[in-house]
Amino acid sequence: MKWTAVLLCAAAFTLTAHAQSDDLRRRNLESFDHVWETIRDKYWDPKLGGLDWVSIRDRFRPEVEKASSTEEARALMDRMLALLKVTHCAILPTEAALSVHGMGGPGTLGIDVRVIGDHALVASVAPGSPASAAGVEMGWEVTQAGGDKVAPVLATLDKTYATSTLRELMLSRAVEEHLHGGIGQRTTVGFIDGDGHGVERKMTFAEPPGTLTQFGYLPPMYVDMDSKRVRPDIGYFRLNVFLEPGKVMDAFGAAVQSCAGCRGFILDVRGNPGGIGAMAMGLAGWFVSERGKRLGTLYLRDSTLKFVIFPRAETFNGPLAVLVDGASASTSEILAGGLQDLGRARVFGTQTAGAALPSVIEMLPNGDGFQYPVANYISEGGKALEGHGVTPDTIAASTRETLLRHEDAALDAAIRWISQQGRL
Amino acid sequence: MNRFLMLAIAGCVILPAQEKLPPAAAVIDRYIEATGGKAAYEKHQNQIAKGTLSFPAQGISGAMTMTMAEPSNTSTKVEIGAIGTMQEGVSGDVAWEVSPMQGPRIVEGAERADVLREARFNAPIHWREQYSKAETQGVERVGDEDCVKVLMTPSDGGHPETMYFSRKTGLLVKQTGTRATAMGDFPFESDFSDYRAVDGVLEPFKTAEKAAGQEIQLTISSLQFNVDLPPSAFEMPAEIQTLVKKQKAQPPERSGTSPAAPEQSGTSNPK
């Protein structure tokens, strides 16, 4: 339905083609100026990689002025941004930008989706959720949401992210946005079930689990965590986003302290897009006993931020496993990559999103999205996580088959590894 | 021709600097007088300031309570809904911080020296103890005011600070320098405004600080002197006490910042 709305808007514009042409040119030029000035003023490297940015504007602006379509203007701006030779610096097509921003409501169906290959697969179904009640199973493929087909959206985004480490994050997020809606509203989702049959499930969006929080100008988000023992001697803590530090850090501290005699501990940040960066330092403080250690360094335009770890009075010194996937981004990568570099944790799962820079996405006057980085982050081992991500020590990837068998490849691998370590 | 033009422009710039400027000590002493005078400061033994701390660009703000007392005790609590309660303070010679994000920590090194300098109660009247050198550097316009620019060098070896005192009112309008933190050193700029008289002393009720690309605004809504403080006012939180005990039990470790000896503390900014 959301994509249909975009098409309807486009149809309306064609009715006033001449007037729209002048207006389009103006909006494309305004968009170009915004992009050019933003990079000049806010891009983390003030030298802009040694580029003569003024000459570049003089070269591209007249071409954008002559562009007869948004697509043409977008391609020119993308060519200009490509000169910076960095990832996460791109113009996102209108329909993709709308998907990234999200137009769904807060209501959830309890389905966690990961795009594996070209397929949006159900990675987990929350117990007690609408999806669980409707009999949705892990490993099913999502084909339609709210009456719209998923494949065209994935194909559109794939053009932008085909070779980027961000691919899984952006594609999974776009599908998940369409699995959210107003609490209490009904929706129909199309799947391919475990037997390969097309099925539909009618469900009602429910309030998400966790605590609703709002941090600054970020949209309201639900912070959800899960603290348990995956075995009597192995602690486990999952966090969906790094927000609400007062509650999260207390809960995390209690989880670690209650597991002081455990054989090992597992921290699960799969699907966690990041949040407040400083929380990575606070969480690491429960596992690093030596003072003066740091996760990495953030390079802003005019200053440098060292991500220093402040050890807690009592730290957990046993084996630590961190679970990540392609939708683990930003603070998740800073934490996982830093602990890996320090030799303090073993990382399990799949390559992370490589979005460890604070990059922002703004809407342009012509309706396209504009993503650009505002800082550079170097992990303690000297690696830039941006565009590369964290490579797990143990690659443990889910497939449709493993999901249909209700297996969790990364968690299982982490449990096996901890079991092989000596007792404390 | 262009060379002569450039020389003329350069000459224009140089002229104000050749103006006879007052000695730095006179500028700072005038500031003390303008804010009430040494005797007025000395009547106060402690204070409680309440107000708001905000990050306007990020839409974040919270209630702040700052308690200070002779000679250098402080305790500040900021409560921000989406973050939690942040606390920092100086208890005797221990500078500490409890952050809901980073956890509890004992402040060390150059950062500790900065914190202790700022913790000095009635700081302006103690400037001669805290700064080994103060030099007038010129006149500069800050907003609508001509200000005398004074470079002050902390006696504890900290980063020099530049103060801008209004020629008209004698008040401190702006301060620039480099702040030492555990995460690195940051250039900062603070603007002071909305001076109000409380019990004979003028205090800035608004401070806007820019550092690391962020702007922080501090707005005081109430300020009281000589309050009947409970004995626990500057007690360290339990988690800090645990860290202090642990540190005492361990051999000292080198931190990433340059060390500052405790006996070199007790310095302060003239504001």
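Where is Asn122(B) found in chain B? I located Asn122(B) in the loop between helix H4 (109-119) and helix H5 (127-130) of chain B. I note at the outset that the model is predicted.

**Entry 1**

I read a positive phi of about 55° for Asn122(B), although the residue is not a glycine. I recorded the reason for looking: most residues other than glycine have a negative phi, and most peptide bonds are trans. I then checked the surroundings of Asn122(B); the residue counts as buried because 20 C-beta neighbours lie inside 10 Å.

I found a positive phi in chain A as well, at His406(A), which is not a glycine and has a value of about 60°. His406(A) lies in the loop between helix H12 (400-404) and helix H13 (409-420) of chain A. Is His406(A) buried or exposed? I counted 11 C-beta neighbours inside 10 Å, so His406(A) is classed as exposed.

I also looked up the peptide bond between Glu70(B) and Pro71(B) and found it to be cis, with omega about -10°. Pro71(B) has its place in the loop between strand S2 (60-69) and strand S3 (73-80) of chain B.

**Entry 2: confidence**

I noted an ipTM of 0.81 and a pTM of 0.82 for the model. Chain A has a mean pLDDT of 87, with 90% of its residues at 70 or more.

Chain B averages a pLDDT of 86, and 84% of its residues score at least 70. I marked residues 1-18 of chain B as below 50, with two contacts beyond near neighbours in sequence. Residues 254-271 of chain B are likewise below 50, yet I found 62 contacts beyond near neighbours in sequence for that stretch.

**Entry 3: overall form of chain A**

I counted 13 helices and 22 strands in chain A. Along its principal axes, the C-alpha trace spans about 75 × 55 × 35 Å. I found 49% of the residues of chain A to be buried. Of the contacts in chain A between residues at least 6 apart in sequence, 69% join residues at least 24 apart.

**Entry 4: helices of chain A**

I examined helix H3 (residues 53-66) and helix H4 (residues 70-82) of chain A, whose axes come within 10 Å and cross at roughly 170°. The crossing angle therefore makes H3(A) roughly antiparallel to H4(A). From H3(A), Ile56(A), Phe60(A), Glu63(A) and Val64(A) meet Ala73(A), Leu76(A), Met77(A) and Met80(A) of H4(A). I classed the residues of this contact as seven nonpolar, no polar and one charged.

How many residues of helix H11 (residues 331-341) of chain A are buried? I found 10 of its 11 residues buried, among them Glu333(A), Leu335(A) and Gln340(A). The buried residues of H11(A) pack against several elements of chain A, including H10, strand S15 (294-299) and strand S21 (376-379). Gly343(A), with a positive phi near 75°, follows H11(A).

**Entry 5: the contact between the chains**

I listed 28 residues from chain A and 27 residues from chain B in the contact. On the side of chain A that touches chain B, helix H9 (245-257), helix H10 (278-284) and strand S16 (304-308) each supply at least two residues. I sorted that side by class into 13 nonpolar, nine polar and six charged residues.

Key. Residues numbered from 1 in each chain as written. Chains lettered and ligands numbered in written order. Predicted model: local features only at pLDDT ≥ 70, side-chain atom pairs only at ≥ 80, totals over all residues. Axes fitted to C-alpha atoms, helices over the stretch in contact; angles between N-to-C directions. Helix = DSSP H or I, 4+ residues; strand = E, 2+ residues; numbered from the N terminus. Parallel < 35°, antiparallel > 145°, perpendicular 65-115°, else oblique. Contact = placed C-beta atoms within 7 Å. Nonpolar A, V, L, I, M, F, W, Y, C, P; charged D, E, K, R; others polar. pLDDT = per-residue confidence, 0-100. Buried ≥ 20, exposed ≤ 12 C-beta atoms within 10 Å, placed from the backbone.
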